[in-house]
Amino acid sequence: MIISPLRRAWRVVLVAGAAAFLGACNEQLDAGSACPSLCPGLSVPIKDTVLSPVLEFDTTLVGYPSIGTEEGIPLASRGDTLDVRGVIRFDSLVVLFAPPGDTLRPVSRVDSAFVRMRLNLTQSRLPSSLTFELYDVDTIADDGNTAAVLALFRPGRLITSRTLTRAEITDSLRFPLSSAWLLQKIQARANVRFGLRLIGTGPASLRVHSVETGLNAEMRYHVSPDTAVRQVIVSPYSKTPIEPPSLASDFRDYAVVARNALPGAGAFAFSTGGVPARRAYLRFNVPQWLIDSTTIVRATLVLTQAPQRGFDQYDSVTVIGQAVAATNRIRDLYRSSQILIPAGLFIADSIRVAPADSGLRSLEMNSLLRVWSSSTSAAEAPQRAIVLLQKEEGLHGAEVRFFNARSPASVRPRLRLSYIPRVNFGVP
Amino acid sequence: MRRLLATALLAAASAAPLAGQGALSLQGFGYPVGQNSTRSSGAGGSLGETDPGSPINPGALPGAGRSLFSVQIDPEYRRLSVDGRDVNTTTARFPVISVGTRAGERGFLGVSFASLLDRTWDAAYADSVTVGGDRVASRVATSVRGAVNDARIAYAWQFNERLQAGVAFHAITGANRMRLSRTFTDSTKFGSLAQETTLSYAGSAVSAGLVSRPVQHLYLAASARLGGVMRTRTGDSLATRAHAPNRYGASLTYDGIPGSTLMLRLNREQWTRMRSLGQSTLDVRDATEISAGAEIAGPKVQGTPSQFRLGARTRGLPFGWNGHAVKEQVLAVGGGATVGRGWASFDVSLQRAVRKAGGLTEKGTILSVGLTVRP
């Protein structure tokens, strides 16, 4: 077939046009390299402001974590200033056993009994010589009555003790137990509740692993000379309190503060850490228009640290902020300070300081303010509050303090905000 | 066949995405597309007053014959030189869709949708800002989609062979959907910004025009559009209020040379009536457009006639940059052929535009492909 040149040219034009159609569907609109000069309307102003006072309310709450939920038992002996002891309950002993091929029978003899604890020596303070004392602190007193427990740390109740040099202290501690004493407990179907106390030639502190850390204490003993009868291994268990049952598990092992002579934070400071641990509850008063009508780019809580002289004053600790998840319906501040959004969510920042330090400290909390802005119903909204606490709460004697809202304006907490107002973006 | 394949590949490659950026022509409320059909674009816009497919002069509608349906696509390939760097963008527009039919022996009713101001672009770039006293690296990404459109319903009447005239009502509508985000490298300290705004437009205008042949071979066409109130809204809130731009235009067409038609057109658009739609800093200017062109009968292809067109245009763009007026010069060529025994025509045009302002130069190549059906 002969095709004329003109007709061929038209075909070329048609194909080119069709290809251009297809190519045009693949737009490339990005105009970044020439910006911002050629992209008017993009410059969005970021405004800065400082809210002071910004706290509607602040207070220090004592007694965290709640009894028995510590990630370890902090034992401390600091002369007249700090004395923290531990309690481990073995309320369920093996009282019956069955020899191989025989019937069940009561335990009538005990030997080779011992209790073993695991030690966490991180951030420990060990003098040249340290004595661990084990007391029988079983009592019928109310479980929450720590004074009754502390009263049982007396010579007449001393079960055993071990004195070790610093070099002899490893991550495991074993107390041999009197077979007669344990047999009597077994036959009387009594509870075995150990009180653990530290006495050093100087300031001493260390942690004993607890059920919460997964390396709990164990009590072991043999009930028969027959090697075919296996050694009894008993883990911490508490029969009381009966109600609620979940509380009993908290009493399997816990810390008891016998003495903490550190003076309170006073009227012009709030406090975090220490033993028993303190939490600072800070409720914010941020203008509604800022939360609703702007995009908050940065929010920095600026605190002024009040130097704290006392034990562990030069030990560095980490103070973290956690957002309160409790709604405004919950009025109990102690409870509110336990209903928290997990650490790292919304407040990823932390403050690393030593108690004796002073000066300005900052905590970035931009994400949290965005959560507050998305909260609608006042009753169901989370409290506009955060809790300051120590990362290793209840395990360290160091207490970090900051000036509170009642302090002079120069040192009181303030919130530094950078925000972008709602702008008519894109209107040329 | 090999040549066809090569042509196709070349054309497709030319439209492939390139590293792209901002434009002189996209300042303010956008680029005035011109409302020209592919046919008129090929003649540099000089056919605008007499071309029934260009919704400019309602008096030109009877020239469509018995009925009209036309649609076109106008991809533009832009290159802007900024700081010794070439920035390329590609955008596709569907600037004019027209439908019309003869109403009675002398009347003609037409409806059209055309882009008045096209505003479609993206921008993404690295930037640093000071937040709370710290200089922070961030990335800005923004996009604008949409246009101010002109929806027109027109009626024209052919009084006699020497005079036809028409009137039209215009609804100025459309929206710009705008997104802006700024994300920071350190997302733990700094929250990102994400704003989305839809700016919608509502306005009206009326227009009238005529096409007359006062003497043999000479056609005079003129039209005017009077803009009414125009408003912008963001969400449900009234944002700004101004007026739709007035437009006045006239053209002379001479067809005394056999097989050829020569055109000269003058157009004036009062964009400053839109001033209060934008912010106080909006740099808006009235614009005058002068265009000239020719349409020459080409050879018949298998018995169907064809045309070649060429033209040139100079005009100001309505929105300045950095205190400078943006000027645009266009050279255009085009062609068309009637197919399907006169039931349809296929037009192609290629415009080369050079826009300048304040030492910056932007070059655009606009390919327009249009199909007109006359059922």
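This is a predicted model: local features need pLDDT of at least 70, side-chain atom pairs count only at pLDDT 80 or more; totals for chains, interfaces and linings use all residues.

**Strand S11 of chain A and its surroundings**

Mentor: Let's begin with strand S4 (residues 82-90) of chain A, which pairs with strand S11 of chain A in the antiparallel sense over five bridges. Strands here are DSSP runs of E with at least two residues, helices are runs of H or I with at least four, and each kind is numbered from the N terminus. Two strands count as paired if DSSP finds at least two bridges between them.

Residues are numbered from 1 along each chain as its sequence is written, while chains are lettered from A and ligands numbered from 1 in the order in which they are written.

Back to the strand. Strand S8 (residues 129-136) of chain A is another antiparallel partner of S11 of chain A, and seven bridges join the two. Here A:Glu133 has A:Arg197 in S11 of chain A as its bridge partner. S11 of chain A itself covers residues 192-200, and eight of its nine residues are buried. Buried means that 20 or more other C-beta atoms lie within 10 Å of a residue's own; 12 or fewer make it exposed, anything in between partly exposed, and the C-beta atoms are placed from the backbone.

Now look at helix H3 (residues 179-187) of chain A, whose buried residues are A:Leu182, A:Lys185 and A:Ile186. Viewed down the axis of H3 of chain A, these buried residues fall within an arc of 100°, so they line one face of the helix. That arc is taken from the directions that run from the helix axis to the C-beta atoms. An α-helix has 3.6 residues a turn, so residues three or four places apart point the same way. S11 is part of what covers the buried residues of H3 of chain A, along with strand S7 (111-125) and strand S13 (218-222); the contacts behind this are C-beta atoms, placed from the backbone, within 7 Å of each other. On the face turned away from the buried side, H3 of chain A carries the exposed residues A:Ala180 and A:Gln184. After H3 of chain A comes A:Arg189, with a positive phi near 50°.

A:Asp102 has 10 C-beta neighbours inside 10 Å, which is why it counts as exposed. From C-alpha to C-alpha, A:Asp102 and A:Thr81 are 57 Å apart in space, although 21 residues separate them in sequence.

Let's zoom out to the domains of chain A. An automatic or database domain assignment sets the bounds, and it gives domain 1 (48-64 + 265-421) and domain 2 (82-260). The C-alpha centres of these domains of chain A lie 38 Å apart. Where they meet, seven residues of domain 1 of chain A are in contact with eight residues of domain 2 of chain A. On the domain 1 side, these residues divide into four nonpolar, two polar and one charged. Here Ala, Val, Leu, Ile, Met, Phe, Trp, Tyr, Cys and Pro are nonpolar, Asp, Glu, Lys and Arg are charged, and the others, Gly among them, are polar.

As a whole, chain A has seven helices and 24 strands. Buried residues make up 43% of its 428 residues. Of the contacts in chain A with a separation of 6 or more, 81% are between residues 24 or more positions apart.

S2 and S3 of chain B form a hairpin with two residues between them, and B:Asp83 in the turn has a positive phi of about 50°.

Terms used. Two residues are in contact if their C-beta atoms, placed from the backbone, lie within 7 Å.
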